[in-house]
Amino acid sequence: MTDASVLKVEGLNAFYGRAHILFDVALEVGKGEVVALLGRNGAGKSTTLKSIMGLLAEVRGTRSLDGQNLARLPSFRIAQSGLGYVPEERRIFTGLTVMENLEVGRQPPRQGAPEWTPEKLFALFPNLAEMRDRPGGRMSGGEQQMLTIARTLMGNPRAILLDEPSEGLAPVIVEQMARTIAELKREGLTVLLSEQNLYFAKELSDRAYVIEGGRIRYQCTMAELMADDAVRHAYLTI
Amino acid sequence: MTAVLEVDDLRKAFGGVVAVDRVSFTVEAGKLFAIIGPNGAGKSTCFNMVGGQLPPDAGRVRLGGEDITGLPPRRIWRLGVGRTFQVAATFTAMTVVENVQMAFISHRRRLRALIPAARRLYRDEAMAVLERVGVADQAERQCGLLAYGDIKRVELAIALAHEPRLLLMDEPTAGMAARERIDLMALTAEIVRERGISVLFTEHDMDVVFAHADTLLVLDRGRTVATGTPQEVRENPEVQRIYLGGAGVAAAQRAMEARA
Amino acid sequence: MDPAFFFIQFLSGLASASNLFLIACGLTIIFGVTRIVNFAHGSFYMLGAYFAYTLTQQMMALLGDALGFWLALPIAAVAVGLCAVVMELILLRRIYRSHELFQLLATFGVVLIVQDLVQEVWGPEELFGPRAPGFTSFVVIFGFRFPEYQLVLIAAGPLVLGALWLLFNRTRWGTLVRAATQDREMVGALGVNQARLFTGVLFLGGFLAGLAGALQLPVEPANPFMDVNIIAEAFVVTVIGGMGNVLGAFLAALIIAQLQAFGILVFPEITLVLPFLVMALVLVVRPWGLLGKPETSTSHGFAGDRPLRPLSRTQQALVAALIAVLLLLPLVVGEYSQKLALEVFIYALFAFSLNFIMGAGGMVSFGHAAYFGLGGYGAALLVHHLGLNMELAILAAPIAAGLGALLFGWFVVRLSGVYLAMLTLAFAQIVWSTAFQWVELTGGDNGLIGIWPSQWASDRTVYYYLTLLVCGAAIAFLWRASHAPFGYTLRAGRDSTVRADAIGIDLKRHQWLAFALAGTCAGIAGGMFVFSKGNIDPGSLAIPTSVDALVMVLLGGIQTLTGPLVGGAVFHLLEAYILPLTDYWRAFLGAVILVLVIAFPMGLAGFLRDRLTREESAS
């Protein structure tokens with residue numbers, strides 16, 4: 001696992017102003033793995049992903065992608081080096097059409113990473129194919145969630161950070177989302193998935209990290225987590 | 001049963017797209033009424049037409065028999081409707097207790113007073129409400145610096161200040177952790193039952209919906225798919241197909257068992 | 001009248017519409033992407049004309065008339081684009097996340113610096129450029145002679161509009177810019193170097209403004225007032241069109257230019273005022289301009305806003321000590337210092353009244369001078385034309401200003417954010433234009449002189465005490481109101497409009513009353529000002545005076561109540577001591593603004609407050 005790890009984070013500390021939010025977060029994601037970062041709201045999941053992506057002003061610690069050091073890089077360089085980011089709030093460009101949204105995410109193909117084209121993405125998200133010229137602002141929440149993932153894939157990432165893709169979606173759409181992510185995994189994509197919906201995460205993930213109060217409290221395989229009632233109750237309150 | 005809120009044939013379109021299409025429902029006194037449905041089903045639009053944030057294209061909204069269709073939010077508030085928002089809206093640069101004091105100042109129509117110090121007005125009343133929602137210990141802190149769960153409680157306190165007969169809560173637990181969600185909704189249910197307040201709320205969390213709602217309205221693409229008790233809605237095959245799915249039914253089952 | 005004449009008038013309207021559009025489209029593009037309203041856009045336009053002047057001289061000598069001239073214009077525009085890039089790299093990058101007020105002020109600081117630079121390099125005289133080779137003659141249209149060069153200008157507008165449409169809709173760069181307009185950070189997280197994108201946008205905007213200035217050279221001499229003269233109108237066009245919307249700017253430029261072209265036939269005096277009137281009316285019907293999108297922000301607070309606290313014992317003692325010192329001051333210092341001190345009181349009230357709507361109300365006014373000036377003119381006109389005495393005139397000052405603020409405020413509070421700031425600016429320009437153009441009533445540019453206090457108050461020391469009393473009372477009243485429910489209601493609306501609405505607050509009505517109250521108090525300051533100076537001129541209600549007030553507030557700190565008072569004092573003392581020493585007061589002031597915006601966004605009082613509270617929490 002360590003040898004083949006694509007994304008590696010060690011000693012990650014993050015601050016909002018004077019508030020210390022993350023404490024020595026360390027995690028690894030191996031090639032082709034889907035790893036869940038589980039925790040309550042405010043536990044530090046989104047902050048962890050944003051810190052890795054270089055979206056916070058004050059971050060310390062090492063982050064690397066396929067051995068390349070990401071620390072000190074601005075977020076666009078991190079994206080260019082092959083790390084994709086799918087934000088929790090989706091952040092679709094509402095004034096741009098579906099095709100234009102995809103165009104913004106486009107980057108040159110990358111060796112050792114699955115290569116995506118709009119046509120290939122439309123096969124994965126058939127809904128989107130029917131609305132190529134529709135402005136992002138006139139799509140439903142589920143369709144926007146698909147577009148935000150497709151837009152990130154246009155950058156042909158080696159790994160993606162997926163922030164709570166099930167948040168705010170109808171249960172049936174959540175199930176559809178789960179199938180899609182399973183499909184991405186089959187394509188060989190490496191995923192770090194932040195979730196508080198344990199039922200969603202357990203279907204997809206190989207391993208899990210449990211975060212609470214800005215610290216990683218527990219790491220295990222998904223099967224171990226599902227077997228461990230004590231940990232689930234302590235940190236996930238489900 | 002007396003109806004607190006009656007909604008008849010409500011309709012709203014945005015540039016040709018019909019967001020809410022002839023929706024009708026009734027909220028009975030002292031009951032919790034939930035609107036659920038997929039994103040873009042028209043829940044928020046419906047909600048905002050009741051709360052006065054959006055004027056409906058057609059239809060009627062009646063509060064205790066009085067027509068309030070198209071009134072601005074501030075008038076609806078004066079008729080006894082409290083409101084919380086999906087993203088908590090508070091006065092961030094005031095202290096927590098001042099936030100609640102503002103609601104009292106407005107309720108007693110003293111907004112335009114130029115001489116008395118606002119921070120001394122209705123302080124005890126405001127503290128009592130904060131006590132009830134469990135954030136009295138934070139009273140002197142700047143509201144914007146609170147944890148999100150506490151801000152939601154402050155918002156509830158603001159909404160309760162003028163002793164409303166109806167509470168409108170748009171996704172009251174959005175952005176909260178599971179534990180906090182359950183606590184906040186349990187608290188809300190407790191308060192509204194002890195004071196006989198009715199609640200109209202939208203929600204995505206099936207655990208919350210099926211644990212607390214007395215009646216459910218399911219919307220899809222602006223139309224009513226089903227109305228009824230949690231039991232009836234959960235068993236409705238159409239609702240299962242377009243909205244709940246397997247996981248949703250399971251969550252509903254869990255919540256209803258916990259309730260019983 | 002002859003329809004052919006109307007057609008010619010229509011054509012000249014088209015030519016000036018092109019010019020307006022070229023300036024406004026860059027402004028609107030820059031706003032769309034950076035959310036910064038660029039005051040310095042007028043400076044870009046002016047630089048375009050000056051660069052073109054110098055370049056045509058050099059290049060026409062070197063390359064011959066035609067080639068030299070037509071090459072010089074685009075090169076001048078590119079040079080201006082590069083200036084805009086420098087501004088982006090040095091200044092704008094640091095303030096993208098700042099409050100709109102800071103951004104507006106910072107770019108105004110650049111205006112001040114460029115003004116002094118231009119005067120230094122090219123001198124104060126008008127510089128006439130060459131006529132455009134190939135287009136020096138007239139065409140005859142329906143028997144009227146029409147300059148050929150105007151046809152070039154008419155074509156320029158639609159050509160640029162078409163080119164911009166292609167750029168934004170048919171190129172990857174354009175798509176990225178449109179995406180960045182909505183969410184810069186997300187564009188970055190998708191692998192786009194957004195910093196470079198912004199630099200590119202500034203280049204484009206600067207280039208277009210420079211091109212407009214260069215193209216104007218054969219028609220209008222380069223002069224050091226081009227910037228301020230054009231910027232207000234460019235704002236109007238941008239706002240009417242909807243900020244960030246290029247097509248909207250085009251439509252608005254057409255409307256304004258045609259109204260000007262025909263308005264001048266009917267009622268020549270109205271030309272200065274007309275654009276602002278149109279803007280006010282358009283914004284009533286469409287608060288976000290013809291094609292603009294609503295601003296989504298529901299909060300208009302400033303970073304570092306804190307809960308209001310009553311004065312502590314120590315602070316009360318300090319205030320008492322300060323009042324004692326001010327009461328005893330005339331016993332110690334001479335006439336000049338008393339005059340300086342009473343002016344400080346006047347400016348402190350002026351700044352404090354501005355901060356009442358801005359700090360508490362979240363309404364950034366770029367035209368507060370209007371009410372200061374209305375107060376001053378209200379008093380001066382009564383003395384000058386009706387021979388009233390000072391006592392009555394000073395009572396009339398707040399009434400005049402208050403009525404003006406009541407009228408303008410009704411429109412203003414319907415808007416928020418940048419649109420609100422632009423509308424206050426527009427109203428101030430209306431008042432300024434009226435004072436400037438209505439010579440019979442106001443004395444025009446010269447203003448009204450000989451407005452002196454009554455006999456009993458003509459002694460400097462007596463007037464000192466009178467000012468202290470009047471301004472002190474007004475400040476104390478506003479202070480009290482800030483802590484009262486009324487002030488809290490304003491702060492509530494500033495923090496969250498939706499929440500205020502949802503607890504029964506009729507926010508617009510309260511903001512309107514606050515605007516009128518602040519205007520009234522500025523009017524008191526204006527009235528006291530006239531009698532201390534003995535005269536008044538349109539400068540007292542011009543943009544620089546509004547900016548002075550903003551700088552005072554900013555200098556002291558918006559987030560604190562004491563800030564504007566400290567700021568008013570420091571600003572006026574700086575002005576009194578430094579202005580006589582230098583020919584570059586404007587550049588100095590511009591530099592002060594930039595330093596404040598970048599390094600001390602909390603102002604002096606805010607800086608001290610944070611220092612003190614930090615020490616408290618540490619101990």
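Buried means under 20% relative accessible area, exposed means over 50%, and partly exposed lies in between, with a 1.4 Å probe and protein chains only. The model is predicted, so local features need pLDDT of at least 70 and side-chain atom pairs count only at pLDDT 80 or more, while totals for chains, interfaces and linings use all residues. Residues are numbered from 1 along each chain as its sequence is written, chains are lettered from A and ligands numbered from 1 in the order in which they are written, and side-chain values use heavy atoms, with hydrogens and water left out.

**Exercise 1. Classify the accessibility of Trp70(C) and Phe135(C), and describe their ring pair.**

Step 1. Trp70(C) has a relative accessible area of 29%, so this residue is partly exposed. Phe135(C), at 33%, is partly exposed as well.

Step 2. Now for the geometry. A pair of aromatic rings is described by the distance of the centres and the angle of the planes. Rings of Phe, Tyr and Trp (its six-membered ring) pair if their centres lie within 6.5 Å; planes under 30 degrees apart are stacked, over 60 edge-to-face, and the rest tilted. Trp70(C) and Phe135(C) form an edge-to-face pair, 5.8 Å centre to centre with 80° between the planes.

Step 3. Helices (H or I, at least four residues) and strands (E, at least two) are DSSP runs, numbered from the N terminus. Trp70(C) belongs to helix α3 (residues 65–95) of chain C, and Phe135(C) to the loop between α4 (100–122) and β1 (138–141), so the pair links parts of the chain 65 residues apart.

**Exercise 2. Repeat the analysis for Phe21(C) and Phe250(C), then look at other rings.**

Step 1. These two rings are edge-to-face, with 5.0 Å between centres and 90° between planes. Helix α1 (residues 3–34) of chain C holds Phe21(C), and helix α10 (residues 246–266) of chain C holds Phe250(C), 229 residues apart. Both Phe21(C) and Phe250(C) are buried.

Step 2. Over all chains, the structure holds 34 aromatic pairs. Ring pairs also join Tyr371(C), Phe408(C), Trp410(C), Phe411(C), Phe427(C) and Phe515(C) into a cluster.

Step 3. A charge sits over a ring if NZ of Lys or CZ of Arg is within 6 Å of the ring centre and within 35 degrees of the ring normal. Lys120(A) places its charged end over the ring of Trp116(A), 4.6 Å from the centre. Over the face of Phe138(C) lies Arg145(C), 4.1 Å from the ring centre.

**Exercise 3. Find the largest cavity and describe its lining.**

Step 1. On a 1 Å grid over the protein atoms alone, a cavity is a set of points where a 1.4 Å probe fits but cannot get out, and lining residues have an atom within 4 Å of a point. Grid points are joined across faces, edges and corners, and a volume is the space filled by probe spheres set on the points. This rule gives 8 cavities of 30 Å³ or more, and the largest holds about 170 Å³.

Step 2. Its lining has 15 residues, and those closest to the centre are Asn355(C), Gly359(C), Ala360(C), Arg491(C) and Leu561(C). The elements giving two or more residues are α13 (335–360) and α19 (485–495) of chain C; α13(C) has the largest share, with 5 residues.

Step 3. Sort the lining by type. Ala, Val, Leu, Ile, Met, Phe, Trp, Tyr, Cys and Pro count as nonpolar, Asp, Glu, Lys and Arg as charged, and the others, Gly among them, as polar. The lining divides into 6 nonpolar, 5 polar and 4 charged residues.

**Exercise 4. Decide whether helix α1 of chain B is enclosed or open.**

Step 1. In this helix (residues 43–51), 8 of the 9 residues are buried, so α1(B) is largely enclosed by the rest of the structure.

Step 2. Among the buried residues are Cys46(B), Phe47(B) and Met49(B). Just after α1(B), Gly52(B) takes a positive phi of about 95°.

Notes:
On a 1 Å grid over the protein atoms alone, a cavity is a set of points where a 1.4 Å probe fits but cannot get out, and a pocket is an open set with protein on both sides within 12 Å along at least five of seven lines; lining residues have an atom within 4 Å of a point.
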